[in-house]
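I opened the notebook to go through this structure by topic: strands first, then a loop residue, then side-chain pairs.

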Amino acid sequence: MTRHPTWLDIGALADIPRRGARQVATPDGPIAVFRTHDDAVFAIEDRCPHKGGPLSQGIVHGASVTCPLHNWVIDLQTGAAQGADEGCARTLPVRVSDDRVLLGLHMAAEQAA
Ligand code: FES
């Protein structure tokens with residue numbers, strides 16, 4: 001069965017600071033939505049693959065974020081830890097339309113009912 005995302009409007013692009021993030025509560029848990037210096041937008045679960053640190057409070061550099069707890073560097077595109085560290089945070093589809101940020105959620109059937 002193919003599931004299409006439900007697009008949730010989470011606010012204006014301007015509401016997310018450049019090189020910053022916003023945390024969005026979803027039925028799947030908190031999601032961190034990041035905006036890079038060049039206005040690219042990425043969404044990954046707000047939970048570091050190391051010990052669950054809040055990635056939305058990390059430092060954004062390029063298309064990566066450094067976890068505030070123990071400085072793992074996470075690739076925003078893939079959610080994967082960089083360098084010698086191993087682990088991967090789940091990514092979600094996100095897009096910008098008319099300056100609104102839309103987060104793609106895969107609602108479970110029972111939640112949509
Ligand atoms: S919890 Fe993120 S680096 Fe340890």
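This is a predicted model: local features need pLDDT of at least 70, side-chain atom pairs count only at pLDDT 80 or more; totals for chains, interfaces and linings use all residues.

**Entry: the open sheet.** I looked up the strand order. The sheet is open, has four strands, and runs S2-S3-S4-S8 with antiparallel pairing. Which strands form the edges? I found strand S2 (20–26) and strand S8 (91–92), each of which pairs on one side only. Next I checked how S8 is attached. Strand S4 (residues 41–45) and S8 run antiparallel and are joined by two bridges. I then took Ala43 and asked for its bridge partner in S8; the partner is Leu92.

**Entry: the hairpin.** I moved on to strand S9 (residues 94–97) and strand S10 (residues 100–105). They pair in the antiparallel sense, with four bridges between them. Opposite Val96 I found Val101 in S10. The hairpin of S9 and S10 has two residues between the strands.

**Entry: Leu76.** I wanted the location of this residue. Leu76 is in the loop between strand S7 (73–75) and S8. Is Leu76 buried or exposed? Its relative accessible area is 1%, so Leu76 is buried, the cut-off being under 20%. I listed its contacts, not counting residues up to four places away in sequence. Leu76 touches Phe34, Thr36, Phe42, Ile44, Val60, Ala63, Ser64, Val65 and Thr91. For Phe42 I also looked up the separation. Phe42 and Leu76 are 34 residues apart in sequence, yet 6.1 Å apart in space, C-alpha to C-alpha.

**Entry: cysteines.** I searched the whole structure for disulfides and got zero. I followed up on Cys88. The nearest cysteine sulfur belongs to Cys48 and is 11 Å away. A disulfide needs the sulfur atoms within 2.5 Å, so Cys88 is in no disulfide. I checked Cys67 for burial as well. Cys67 has a relative accessible area of 2%, so it counts as buried.

**Entry: rings.** How many aromatic pairs does the structure hold? I found zero. I did find a charge over a ring. The charged end of Arg95 sits over the ring of Trp7, 4.4 Å from the ring centre.

Methods
Residues are numbered from 1 along each chain as its sequence is written. Side-chain values use heavy atoms; hydrogens and water are left out. Buried means under 20% relative accessible area, exposed over 50%, partly exposed in between (1.4 Å probe, protein chains only). Two strands pair if DSSP finds at least two bridges between them. Rings of Phe, Tyr and Trp (its six-membered ring) pair if their centres lie within 6.5 Å; planes under 30 degrees apart count as stacked, over 60 as edge-to-face and the rest as tilted. A charge sits over a ring if NZ of Lys or CZ of Arg is within 6 Å of the ring centre and within 35 degrees of the ring normal. Contact means heavy atoms within 4.5 Å.
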